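Dear colleague,

Please find the structure below, together with its sequence. A short account of the contacts between its side chains follows.

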Amino acid sequence: MKSGFGAGKQDQSQEEGGIIQIRPTNIGNEGNLKFKKNVYLPKEFVESKKDIFLEKGDVLFNNTNSQELVGKTSFFNENGSFMFSNHITRIRVDENKIVPYFLVLLFNSFHRRKIFYSICTNWNNQSGIGAELLRSLKIPIPPLEKQQEIVNLFQNAYQQKQQKEQEAKQLLDSIDDYLMEKLGIELSQSTQTKPFFYTRFSAVQGKRFDPKKYEPNGQKLINSLQSKKYSVIRMKDIITQSVAGDWGIDKDLEGFDKCLVIRATEFDNLYNLKLTNNRVKYRFISQVKLSKMDLQIDDLLIEKSGGSKDQPVGRIAIITEDIYKKHNLAYSNFIHKIRVDSSIINPSYLFVFLKTIHNIKITDLMQSQTNGIRNLIMQEYLSMSIPLPPMEVQNEIATHISSLRSRAKALEKEGKQLLKEAKQEVEKMILGE
């Protein structure tokens, strides 16, 4: 049992090429490891810190005293060289007495019950659960055959969950191709970006001067949206209402209403809006402003500011009947609302089209960036050409894509339920309940 190395900021890097240091952020919720936000250490640590390298079969225990993190445990089964930080305790067990993955399941059961948090020491620093305290912990150890049975039960459920998630991903990944094929659109394939290019002065006169919009690959991508099967219409020509949002205030005053204020945080990259978690924000919005917002079913919300390094601004959401009935809604000043003429275009069709536009990163060509925040250039976005099939085709597209998303969501839900039931059964078997 050993704690890792507390590398200083000067030793850490986000760049690949070094050795990954496993930290609490690498520990997943299901005994797995995740590698989305890695810290790399220089290779010279290989010689000086050989004792904190990991081996297959190691159990990694998060020893920090954070209520959400302390006790989260993962199983290490990776190829290659990995180190671990001082917030991780590496445990190697006698496999004649205990199955390593059984210990992972046991500790994660304790974590969910906040047992480790209740016995954390030294609250004024980050020591949490020290090695000595961990060694002194008494744990149930069933016969090896029973341990392996418990491990098999959990891992089978976890594999089924992953399989259902993969099926869901395949359904979601098929949407953009289906839509483009249905509209008769062949997207331009990106070629190598040139260090410089030419464009006509008339194309930039009175407009933005940054090169992103005029770069040949980007122009080809935008031009490829001209459908070969259907006529197109500018989005601004079908908009009947266009209104900016408001963040409101945090106190209840006369003339203000309490609302759930939709932010970019609530936009779901795969589906629509996520308004069921405890991170949603309630604010007080002026009744005058609310009357101007006039949020209704089928209104579309556009993320006009935000984004990130790997995610262009311009995500889209639609107000469904279910969302509208459940909440008293407003939307923040980083969000813009449009309402379209439903006699010309099905709002649900426009929603799925604009979601694909974001997925293929066309909105990346319609944004500026100031102080790390990306801003959608609304004039360009609302001037975008929209393929306009007959209404029956619009309805067919919207219904089919909605069914794909519904099936994908159901698969993910089924997978989560399988794993939830497996966890409950594992805890009964471990703790004899």
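A charge is said to sit over a ring if NZ of Lys or CZ of Arg is within 6 Å of the ring centre and within 35 degrees of the ring normal. Lys-409 lies over the face of Tyr-271 in this way, 5.0 Å from the ring centre. Likewise, the charged end of Lys-258 is placed over the ring of Tyr-282, at 5.5 Å from its centre.

Please note that this is a predicted model, in which local features need pLDDT of at least 70 and side-chain atom pairs count only at pLDDT 80 or more, while totals for chains, interfaces and linings use all residues. Residues are numbered from 1 along each chain as its sequence is written, and side-chain values use heavy atoms, with hydrogens and water left out.

Aromatic rings come next. Rings of Phe, Tyr and Trp (its six-membered ring) pair if their centres lie within 6.5 Å; planes under 30 degrees apart count as stacked, over 60 as edge-to-face and the rest as tilted. Ten aromatic pairs were found in a search of the whole structure. In one of them, Phe-154 and Tyr-158 have ring centres 6.2 Å apart and planes at 10 degrees, so the pair is stacked. These two residues are separated by about one helical turn because they stand four residues apart in helix H5 (residues 144-183); helices (H or I, at least four residues) and strands (E, at least two) are DSSP runs, numbered from the N terminus. Phe-154 and Tyr-158 are both buried (under 20% relative accessible area, with exposed meaning over 50% and partly exposed in between; 1.4 Å probe, protein chains only). One aromatic cluster is formed by Phe-61, Phe-107, Phe-110 and Phe-116.

The structure also contains 21 salt bridges, each being a side-chain nitrogen of Lys or Arg within 4 Å of a carboxyl oxygen of Asp or Glu. Among them is the bridge between Arg-112 and Glu-427, whose closest N and O atoms are 3.1 Å apart. This pair links distant parts of the chain, as Arg-112 belongs to helix H2 (residues 100-112) and Glu-427 to helix H12 (residues 391-431), 315 residues apart. Arg-112 is partly exposed, with a relative accessible area of 34%, whereas Glu-427 counts as buried at 14%.

A further salt bridge joins Glu-321 and Lys-325 (2.8 Å, N to O). Glu-321 is partly exposed at 44% relative accessibility, and Lys-325 is exposed at 62%.

Yours sincerely
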